[in-house]
Amino acid sequence: MNVLITGAAGFLGQRLARALLKRGHLQSSAGIAEPIDELCLFDVNPPAAVEVDAVLDAGANASGPPQRQSTQIRVRTITGDIRDDALLRSVIDARTTAVFHLSAIVSGTAEADFDLGWSINLDGSRALLEACRHSGVHARVVFTSSVAVYGGKLPALVTDHTPLNPQSSYGAQKAMGELLLTDYNRKGFVDGRILRLPTISVRPGRPNGAASSFASGIIREPLAGEPAQCPVDAQTPLWLLSPARAIEALVHGYELPTEAIGIARAINLPGLSLTPAEMAQALTRVAGTEVAARIEWRPDERVERIVASWPAAWDTSRALTLGFKPDADFDSVIQAYQSEM
Ligand SMILES: NC(=O)c1ccc[n+]([C@@H]2O[C@H](COP(=O)([O-])OP(=O)(O)OC[C@H]3O[C@@H](n4cnc5c(N)ncnc54)[C@H](O)[C@@H]3O)[C@@H](O)[C@H]2O)c1
C-alpha cells in the first residue's frame, strides 16, 4: 500500500512519518497487517525540513520517482501546495489507499489572515478529497480536526455529539473540513475518520502561530532556561495530549474498522484537563521551583478570547471505548519531553 501524509514537514507530520517507517505496516479493517510500500511526504515546505532518519529521500520532486529506498519502504518527498489540484491528482493514484491529512494553517495564523486560512484549510481539504475521489480507490482518510470546532454556550460536558459552534476562523474551517469529509465518506468516495485533537503539549522547537502555542512554551522555554509568557488566566482549563499519544491516536484512528466508527465519523480524543497553574505545578514537581518561576503571567486579550471559547470539560467515553488512550498524567508528559531534549 502507498501512504500519503500531507503537512509532512510539520510537527506531527514528521513524527507520524517516523512512526510509520518504524512500524512498516498498517492494519486493514479486517485486522490484516498491510505492508507499506511507499510513504509519500507532501508539504509546501521543502522536504529538507523533514527529518526521517537515514531512510528519507531528500531529493525527489513532484514528478520524479522515489530516489532512495529503505529495505522495505520507499520514501517520496513532494514539495507542493495542498490547493494544487493537478499535483494532488498526480500524487494520489490507485495505490494510495491511506491518507493522513495534516496540512493546515494553525489557529492564530488563520485568525490573522482570513483569506489564507480559508484557502488552505478549506479549499486545500476539498482539493485533497477530490483527488481521492478521482483515484477511485476508496482511500482511508484520517483528518486532524480540533477542539476549536466547539464554542459558545457549551454543556457541562462536551461529547462527540455536542453541536459544533466554532468561535474562530480556524475552528470554522476545521468544522467545514469535518462536514466535507463526512459527506465524501457518506457518498463512498473515501473511508473518512476525523480525530479532534486536544492541544498537543509539549511541542519542541520554537513558538508557532497557534493560539495554544503557550501550552508548550510555558514548559519548553523554562526547561531551556528561558522565560515564557502565559497569555491566558492561570485558571483557564486546557485540554492536552502528548505528541506520543497523538501519533498513536492517528495510527489507531486509521486502523479502526469502519463499522466501529459508524455514522458519526468525528471522535474527540481523550486528553488531560489542566489549567496553566496546574501545568506550572507539574513543572515544579519535575524540574523545581526555579524553573517554574520562569513562567511570566501576562494576559493577552486576543489569545484569551480564542482559548476561552474552547470547552472546559469532556466526556470522551466513546473514544475510550474505541481504544484511544490519554496520557497518565502531565508529570510524565514533561519527563518524556525532557528525555527527548
Ligand atoms: N499541534 C496541535 O496542538 C494540534 C491540535 C489540534 C489540531 N491540530 C491539527 O493537526 C495538524 C498537524 O498539526 P501540527 O501541529 O503538526 O502543525 P504544523 O503547523 O507543524 O504542520 C502543518 C504543516 O502543514 C503545512 N502546510 C501549510 N500550508 C500548506 C499548503 N498550502 N500546502 C501543503 N502543506 C501546507 C506546513 O508547512 C506544515 O508543515 C493540523 O491540521 C492541525 O490543525 C494540531
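The protein is divided into two domains, domain 1 covering 2–198 + 242–268 and domain 2 covering 214–238 + 272–312 + 327–340, with bounds that come from an automatic or database domain assignment. This is a predicted model, in which local features need pLDDT of at least 70 and side-chain atom pairs count only at pLDDT 80 or more, while totals for chains, interfaces and linings use all residues. Residues are numbered from 1 along each chain as its sequence is written.

Taken over C-alpha atoms, the centres of domain 1 and domain 2 are separated by 28 Å. Where the domains meet, 13 residues of domain 1 are in contact with 7 residues of domain 2, contact being counted if the C-beta atoms, placed from the backbone, lie within 7 Å. On the domain 1 side, α3 (107–112) and α7 (243–255) are the elements giving two or more residues; helices here are DSSP runs of H or I, at least four residues, and strands are runs of E, at least two, numbered from the N terminus.

Helix α3 is also the place of Gly108. Gly108 is buried because 20 other C-beta atoms lie within 10 Å, and the cut-off for buried is 20 or more, with exposed at 12 or fewer and partly exposed in between. Leaving aside neighbours within four places in sequence, Gly108 is in contact with Gly209, Ala210 and Ala211.

Turning to the ligand, 26 residues lie around it, of which Gly7, Gly10, Leu12, Ala104 and Thr144 come nearest, a residue being near if its C-beta atom, placed from the backbone, lies within 6 Å. Helix α1 gives the most to this shell, with 3 residues.

Key
Contact = placed C-beta atoms within 7 Å.
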